[in-house]
2 protein chains.
Amino acid sequence: MPVNLEPLKSEQLAPVKGVSLGVAEASIKKPNRKDLLLITVSDQAKIAGVFTQNRFCAAPVLVSREHLHSKLPVKALVVNTGNANAGTGEEGLARTKRTCDEVAKLLGCESTQVLPFSTGVIMEPLPIEKIVAGLPASVADLREDNWFNAAQAIMTTDILPKAISKQIQLNGVAITITGIAKGSGMIHPNMATMLGYIATDAVVSKAMLETMLHHAVKRSFNRITVDGDTSTNDSLILIASGAAEMPEITDPGSHEFIALQAAVTDVATFLAQAIVRDGEGATKFMTINIESGHNEAECTKVAYAIAHSPLVKTAFFASDPNLGRILAAIGYAGIADLDVNRISLYLGDVLVVENGGRALSYQEADGQRIMKQDEITIRVVLNRGSAETTVWTCDFSYDYVKINAEYRS
Amino acid sequence: MPVNLEPLKSEQLAPVKGVSLGVAEASIKKPNRKDLLLITVSDQAKIAGVFTQNRFCAAPVLVSREHLHSKLPVKALVVNTGNANAGTGEEGLARTKRTCDEVAKLLGCESTQVLPFSTGVIMEPLPIEKIVAGLPASVADLREDNWFNAAQAIMTTDILPKAISKQIQLNGVAITITGIAKGSGMIHPNMATMLGYIATDAVVSKAMLETMLHHAVKRSFNRITVDGDTSTNDSLILIASGAAEMPEITDPGSHEFIALQAAVTDVATFLAQAIVRDGEGATKFMTINIESGHNEAECTKVAYAIAHSPLVKTAFFASDPNLGRILAAIGYAGIADLDVNRISLYLGDVLVVENGGRALSYQEADGQRIMKQDEITIRVVLNRGSAETTVWTCDFSYDYVKINAEYRS
């Protein structure tokens with residue numbers, strides 16, 4: 001079961017004025033489950049997006065990128081689970097465009113005003129007729145208080161839906177930020193195998209919205225890993241519907257910009273951590289802090305070397321303080337001039353390594369005490385500068401193998 | 001059980017004149033198992049070595065590197081299993097030096113003429129008194145026909161010992177090459193978590209021996225991965241005892257050099273592949289060929305992206321032709337200008353992907369047929385140049401998690 005991730009309740013999610021959601025059961029991979037989501041936005045809405053850096057990106061990623069930069073404003077987003085439409089060549093591209101055409105027909109807009117998203121099995125043909133058949137039901141279901149169903153409709157191997165709402169005051173105006181995300185395996189930054197949709201009713205210029213999104217992604221979805229596999233379909237969309245009564249945010253130095261950016265980052269961080277908490281087979285949630293590095297890039301290298309190590313992850317699964325495996329990962333992280341004799345390692349509040357060797361004060365029982373917890377912080381002090389970073393990950397269990405060995409069955 | 005790796009028989013291993021081996025049970029981690037190996041070499045022997053590139057390298061790696069470059073010729077190698085003596089700071093270094101001192105005393109040579117090696121758990125103090133107590137028995141056991149016991153004495157999580165002998169004729173003189181290696185988990189090039197010792201009775205200059213060793217390592221131990229974790233203790237040693245009746249090999253263009261280098265590479269390749277076949281929890285042996293790349297470096301990136309992907313490895317464990325996961329790995333391998341529309345993918349003899357999409361001729365049943373085999377070749381044609389590379393790996397099973405979760409218990 002997910003690590004300290006509470007089951008979601010519908011009433012925890014606040015609608016965002018100007019953003020409607022409709023879901024349908026289209027039997028894309030299996031019958032009797034919500035697998036199709038349509039999101040429509042108000043005419044004045046602004047949209048920003050970031051997408052996977054995988055070169056084998058899926059057809060919907062190519063089309064969404066293109067449509068996001070076309071002249072007409074985005075009117076709708078359409079998401080299917082059960083099939084990633086990746087590794088499907090020209091035919092996959094044609095089917096994604098057909099999805100946009102059909103949505104456009106139903107909503108009375110242009111095909112380029114529709115952003116498509118897919119998640120699921122790679123390299124299988126998108127069952128386009130099932131999607132087309134399901135779309136009218138998703139249109140009929142469109143409403144603003146439908147985020148709970150939307151969070152469910154984008155799940156694949158996720159055990160729990162992931163969503164959160166936050167409200168802030170901007171000069172006395174109540175502003176809502178609500179976000180949903182999916183992802184559990186094939187999770188690695190740039191970005192994780194995830195889809196995320198965050199919406200606010202605030203009025204924000206497109207340029208400011210893009211700045212906010214990149215700020216938030218860098219601190220959230222690009223700081224997590226489950227298994228080091230970067231997906232073909234990752235997409236994160238930030239929508240500002242512009243429905244609130246307030247002047248447009250255009251100044252990155254303004255109080256309003258800073259407050260909204262912080263709230264969006266909070267929502268993104270919650271969702272990103274929720275993906276790790278619900279990581280495939282996860283039994284522990286690990287925070288990896290790398291401190292006093294020469295620069296952030298080397299801190300990130302060390303953090304991911306630890307976070308990706310199957311040996312570290314299986315030791316955490318076993319609650320075994322076999323902490324030499326962390327040292328090995330630090331050693332092969334790729335910092336050529338690393339002086340290991342300066343390194344300290346803490347597990348929770350326990351000093352484990354000092355000056356590159358086992359600390360004299362370290363007792364295995366202390367390590368054991370921390371390893372038994374389900375939220376564990378690993379802190380590495382490189383003692384060579386003032387940069388730092390944080391990465392979140394989970395352990396590696398039998399169930400990860402089971403889930404991924406049986407994924408398509 | 002290891003994938004197509006036959007249990008070793010003592011009579012398959014030929015002694016190498018001028019190289020003696022002695023083993024002992026020193027109860028380093030557990031009682032009643034061979035865990036200490038001493039190798040002595042003739043006075044005229046030449047030795048070459050390559051070591052882990054992990055910055056957190058073990059104390060014995062530091063000392064072996066130093067002793068290998070000291071003025072006096074190497075007389076002996078001493079290997080313990082059960083403890084890696086890594087992450088052990090100054091005290092670890094002192095204990096390694098003490099091991100060399102004791103060997104030197106017993107053999108009547110200088111401490112700098114002894115190369116020490118350790119493998120086992122990281123960050124635990126080396127039980128030096130147990131090693132010292134065990135050394136006389138290993139001296140008493142020294143003999144040339146002792147490779148079989150030596151192969152057993154260096155095992156950790158290995159299920160089977162790994163060794164091979166090969167004989168070649170150099171101008172009518174029969175030359176023997178015998179090698180042993182250990183390694184099963186924490187296996188990744190630069191180098192793998194492995195120890196390897198290859199010896200020949202040929203007469204070879206030190207410079208030529210080093211050239212041969214680097215040639216062989218590049219094509220064998222640096223082309224394998226089990227879990228992507230680079231160990232703190234990897235070491236591979238090539239010994240030429242010089243006991244054969246032949247002129248010294250000093251010319252890299254000579255027939256003798258080329259023939260011996262090929263034989264040493266064969267032995268190293270067998271041992272490296274044996275490590276993958278006995279990879280922790282392995283049920284399948286996978287050969288990954290990357291072809292027609294722009295250069296070898298990018299071929300290697302793609303090969304290791306596939307070989308390290310937990311999603312690819314679990315799909316192979318399940319015999320599930322979920323081959324889109326291979327495409328995803330190719331896509332995130334880090335080739336910025338990769339045109340995925342030129343890529344072909346073969347599984348065994350089956351064309352799976354053509355022009356970046358699922359091949360029209362591909363049938364899931366054909367993929368399934370190959371996936372059920374225990375030796376599988378994955379062939380990726382990048383269609384952007386003439387470089388190529390090959391990497392060997394294994395799948396990722398429940399037993400990998402089990403072995404590594406329970407390693408210290």
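Visitor: Which residues of α2(A) meet residues of α3(A)?

Guide: From α2(A) come Arg95(A), Arg98(A), Thr99(A), Glu102(A), Val103(A), Leu106(A) and Leu107(A), and they meet Ile128(A), Glu129(A), Ile131(A), Val132(A), Leu135(A), Pro136(A) and Val139(A) of α3(A), where contact means heavy atoms within 4.5 Å. By class this contact divides into 9 nonpolar, 1 polar and 4 charged residues, with Ala, Val, Leu, Ile, Met, Phe, Trp, Tyr, Cys and Pro counted as nonpolar, Asp, Glu, Lys and Arg as charged, and the others, Gly among them, as polar. The model is predicted, with local features requiring pLDDT of at least 70 and side-chain atom pairs pLDDT 80 or more, while totals for chains, interfaces and linings use all residues. Residues are numbered from 1 along each chain as its sequence is written, chains are lettered from A and ligands numbered from 1 in the order in which they are written, and side-chain values use heavy atoms, leaving out hydrogens and water.

Visitor: Why is α2(A) called roughly parallel to α3(A)?

Guide: Helix α2(A) and helix α3 (residues 128-140) of chain A pack at an angle of about 25°, with their axes 10 Å apart. That value makes α2(A) roughly parallel to α3(A), since angles under 35 degrees count as roughly parallel, over 145 as roughly antiparallel, 65 to 115 as roughly perpendicular and the rest as oblique. The axes are lines fitted to C-alpha atoms, for helices over the stretch in contact, and the angles run from 0 to 180 degrees between N-to-C directions. The crossing of these two helices, α2(A) and α3(A), is right-handed, the term for a near helix turned clockwise from the far one by less than a right angle, with anticlockwise giving left-handed.

Visitor: What makes α5(A) and α6(A) oblique to each other?

Guide: Helix α5 (residues 206-219) of chain A packs against helix α6 (residues 255-277) of chain A at about 40°, with 9 Å between the axes, and the pair is therefore oblique. The crossing of α5(A) and α6(A) is right-handed. Among the residues that meet are Met208(A), Met212(A) and His215(A) in α5(A), and Phe257(A), Leu260(A) and Val264(A) in α6(A); by class, the contact of α5(A) with α6(A) has 7 nonpolar, 5 polar and 1 charged residues.

Visitor: And in chain B, why are α7(B) and α9(B) described as oblique?

Guide: Helix α7 (residues 296-308) of chain B and helix α9 (residues 324-331) of chain B have axes 8 Å apart, at an angle of about 135°, and they are therefore oblique to each other. In their contact, Val302(B), Ala305(B) and Ile306(B) of α7(B) meet Ile326(B), Ala329(B) and Ile330(B) of α9(B), which gives 6 nonpolar, no polar and no charged residues.

Visitor: What makes β1(A) and β5(A) edge strands?

Guide: The open sheet has 4 strands in the order β1-β2-β4-β5 (chain A), with mixed pairing. At its edges stand β1 (19-24) and β5 (114-119) of chain A, each with a single partner strand, so one side of each has no neighbour in the sheet. The twist averages 15° from one strand to the next. Helix α2 (residues 89-107) of chain A lies across β2, β4 and β5 of chain A, at about 130° to β5(A).

Visitor: How do you know that β2(A) and β4(A) pair?

Guide: Two strands pair if DSSP finds at least two bridges between them, and 5 bridges join β2 (residues 36-41) of chain A to β4 (residues 76-81) of chain A in the antiparallel sense. Ile39(A), for instance, has Leu77(A) in β4(A) as its bridge partner. The elements themselves are DSSP runs numbered from the N terminus, helices being H or I of at least four residues and strands E of at least two.

Visitor: Which strands stand at the edges of the sheet of 5 strands?

Guide: That open sheet of chain A has the order β3-β10-β8-β7-β6, with mixed pairing, and β3 (46-51) and β6 of chain A stand at its edges, each with a single partner strand. Strands β6 (residues 162-170) and β7 (residues 173-182) of chain A pair antiparallel over 9 bridges; in β7(A), Thr176(A) is the bridge partner of Gln167(A), and Ile175(A) stands opposite Ile168(A). Their hairpin has 2 residues between the strands, and Asn171(A) takes a positive phi near 50° there.

Visitor: Why is the relation of chain A to chain B that of a two-fold axis?

Guide: A rotation of 180° with 0.0 Å of shift along its axis superposes chain A on chain B, with RMSD 0.1 Å, and that is the relation of a two-fold axis. The superposition is by least squares on the C-alpha atoms of residues with pLDDT of at least 70 in both copies. Of the residues of chain A, Tyr398(A) comes closest to the rotation axis, at 2.8 Å (C-alpha). The same surface serves both copies, as 100% of the contact residues of chain A recur in chain B.
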